[in-house]
Amino acid sequence: MNPHVHPGPDTALFDLSGQVALVTGASRGLGQHFARALALAGADLILTSRRTDNLAPFVAEIESLGRRAHPVALDVRDQASILSMAEQVHAAFPQIHILVNNAGCNVRKPALDVTWDDWNLVLDTNLRSTFFVAQAIARGMVQHRYGRIINIGSVTSVFGYAGLAPYGASRGGVRQLTMSLADDWGPHGITVNCLAPGWFRTAQNQVLYENQAWVDYLVDRIPVKRPGDVHDLDGAIVFLASESSRYITGQTLLVDGGISTGAMRATVSHPSKGSNS
Ligand SMILES: NC(=O)c1ccc[n+]([C@@H]2O[C@H](COP(=O)([O-])OP(=O)(O)OC[C@H]3O[C@@H](n4cnc5c(N)ncnc54)[C@H](OP(=O)(O)O)[C@@H]3O)[C@@H](O)[C@H]2O)c1
């Protein structure tokens with residue numbers, strides 16, 4: 001081989017064959033999509049939902065790809081449920097290589113209307129759970145001196161949005177937690193990163209997409225001029241789960257069509273046609 005010609009990227013860097021990935025909140029939406037992308041890259045899956053019957057059709061789909069899919073009941077707001085899940089999966093699998101902390105919820109309300117219970121629901125589901133699920137699974141990863149933890153954040157991890165105060169606080173917390181855990185567990189061979197999707201249509205935000213005026217407003221603010229398609233997340237989840245990201249930890253990767261580049265434009269016409277800022 002000519003030593004001056006670079007052989008190009010090693011696609012084995014993205015191969016997850018022989019690895020086991022645990023995805024929380026895999027009964028629908030982005031969690032199911034993340035799980036499918038990891039299975040297509042070769043991983044066997046542990047799938048969680050509060051009710052395992054919600055997972056049955058998806059388990060069948062993953063098995064039809066030739067991968068294992070192991071459903072486990074998990075309520076991420078319940079400490080006993082997290083501990084029981086961890087015990088079950090550590091008994092069933094000798095090693096868990098990848099954890100995707102995806103389960104989450106949202107309460108959209110003006111800040112003045114947010115109740116104590118709204119706050120606890122969102123913070124417990126999105127932030128407290130991310131820590132305690134990671135802690136429960138990292139115990140095994142530390143023993144094997146290997147792990148990839150991917151915490152799902154959001155553009156609200158870095159931006160403030162009216163009507164999303166508890167959600168934004170939870171997602172900002174996930175970003176910060178990611179950095180702390182990366183520092184804590186880096187010496188044990190574990191990377192911890194945050195994948196922060198922009199706006200993707202799922203059950204969680206269906207109601208917004210039914211309002212065409214809101215969709216037009218959203219698209220106007222996204223530099224690539226369209227809302228996210230779930231397949232736009234495939235590369236990022238496989239990258240962060242695989243050997244290819246081995247020297248990246250504590251980072252937040254925004255997959256948002258560029259909406260986080262700026263909250264508003266300096267001109268009403270195309271920004272390249274001059275600015276008075
Ligand atoms: N859609 C977006 O544009 C977007 C953007 C950025 C970030 N995110 C985040 O990405 C994640 C997935 O979003 P999505 O839009 O796919 O939401 P979704 O359709 O509402 O799905 C949420 C998932 O979380 C699980 N879940 C909720 N509460 C739970 C609990 N207490 N215990 C265990 N599982 C629980 C649900 O499972 P069961 O109901 O079956 O238990 C479901 O599988 C969420 O964390 C969300 O905040 C979404």
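**Ground rules**

I number residues from 1 along each chain, as its sequence is written. Since the model is predicted, local features need pLDDT of at least 70, side-chain atom pairs count only at pLDDT 80 or more, and totals for chains, interfaces and linings use all residues, while side-chain values use heavy atoms, with hydrogens and water left out.

My helices (H or I, at least four residues) and strands (E, at least two) are DSSP runs, numbered from the N terminus.

**Entry 1: the sheet**

I started with the strand order. Seven strands make an open sheet, and I read them off as S3-S2-S1-S4-S5-S6-S7, with parallel pairing. Two strands pair here if DSSP finds at least two bridges between them. A note to myself: strands of a sheet pair through backbone hydrogen bonds, either parallel or antiparallel.

Which strands stand at the edges? They are S3 (69–73) and S7 (252–255); each has a single partner strand, so one side of each has no neighbour in the sheet. On average, neighbouring strands of this sheet are turned by 20 degrees against each other, direction ignored. For such angles, axes are lines fitted to C-alpha atoms (for helices over the stretch in contact), and values run from 0 to 180 degrees between N-to-C directions.

**Entry 2: S1, S2 and what lies on them**

I looked at S1 (residues 20–23) next; four bridges join it to S2 (residues 44–49), and the two run parallel. Within that pairing, Val20 stands opposite Asp44, and Leu22 has Ile46 as its bridge partner.

Is S2 buried or exposed? Six of its six residues are buried, so S2 is largely enclosed by the rest of the structure. My cut-offs are under 20% relative accessible area for buried, over 50% for exposed, and partly exposed in between, with a 1.4 Å probe and protein chains only. Both faces of S2 are covered, with Asp44, Ile46 and Thr48 on one side and Leu45, Leu47 and Ser49 on the other.

Helix H2 (residues 56–64) lies across S2 and S3, and runs at about 160 degrees to S3. Helix H8 (residues 234–241) also packs on the sheet, where it touches S4 (98–101), S5 (147–152), S6 (190–197) and S7. The direction of H8 makes about 145 degrees with that of S5. Contact, in these notes, means heavy atoms within 4.5 Å.

**Entry 3: S4 and S5**

I found four bridges joining S4 to S5, which run parallel. Asn101 has its bridge partner in S5, namely Asn151. S5 has six of six residues buried, so it too is largely enclosed by the rest of the structure. Gly147, Ile149 and Asn151 point one way from S5, while Arg148, Ile150 and Ile152 point the other way.

**Entry 4: two helix pairs**

I checked H4 (residues 116–144) against H5 (residues 165–185): their axes come within 8 Å and cross at roughly 15 degrees. The two are therefore roughly parallel; that label covers angles under 35 degrees, with over 145 as roughly antiparallel, 65 to 115 as roughly perpendicular and the rest as oblique. Their crossing is right-handed, meaning the near helix is turned clockwise from the far one by less than a right angle.

From H4 the contact includes Trp119, Leu123, Leu127 and Phe131, and from H5 it includes Tyr167, Val174, Leu177 and Trp185. By class, I get 15 nonpolar, five polar and one charged residues. Ala, Val, Leu, Ile, Met, Phe, Trp, Tyr, Cys and Pro count as nonpolar, Asp, Glu, Lys and Arg as charged, and the others, Gly among them, as polar.

I then took H1 (residues 29–40) with H2, whose axes come within 10 Å and cross at roughly 15 degrees. That makes H1 roughly parallel to H2, and this crossing is right-handed as well. Gln32, Ala35, Arg36 and Ala39 in H1 meet Phe58, Glu61 and Ile62 in H2. These divide into four nonpolar, one polar and two charged.

**Entry 5: loop residues**

Most residues other than glycine have a negative phi. Arg145, in the loop between H4 and S5, has a positive phi of about 55 degrees. Lys225, in the loop between H7 (212–221) and H8, has phi near 65 degrees. Lys225 is partly exposed, with a relative accessible area of 42%.

Val224 lies in the loop between H7 and H8, and counts as exposed at 51% relative accessibility. I also noted that the C-alpha atoms of Val224 and Asp256, 32 residues apart along the chain, are separated by 9.1 Å.
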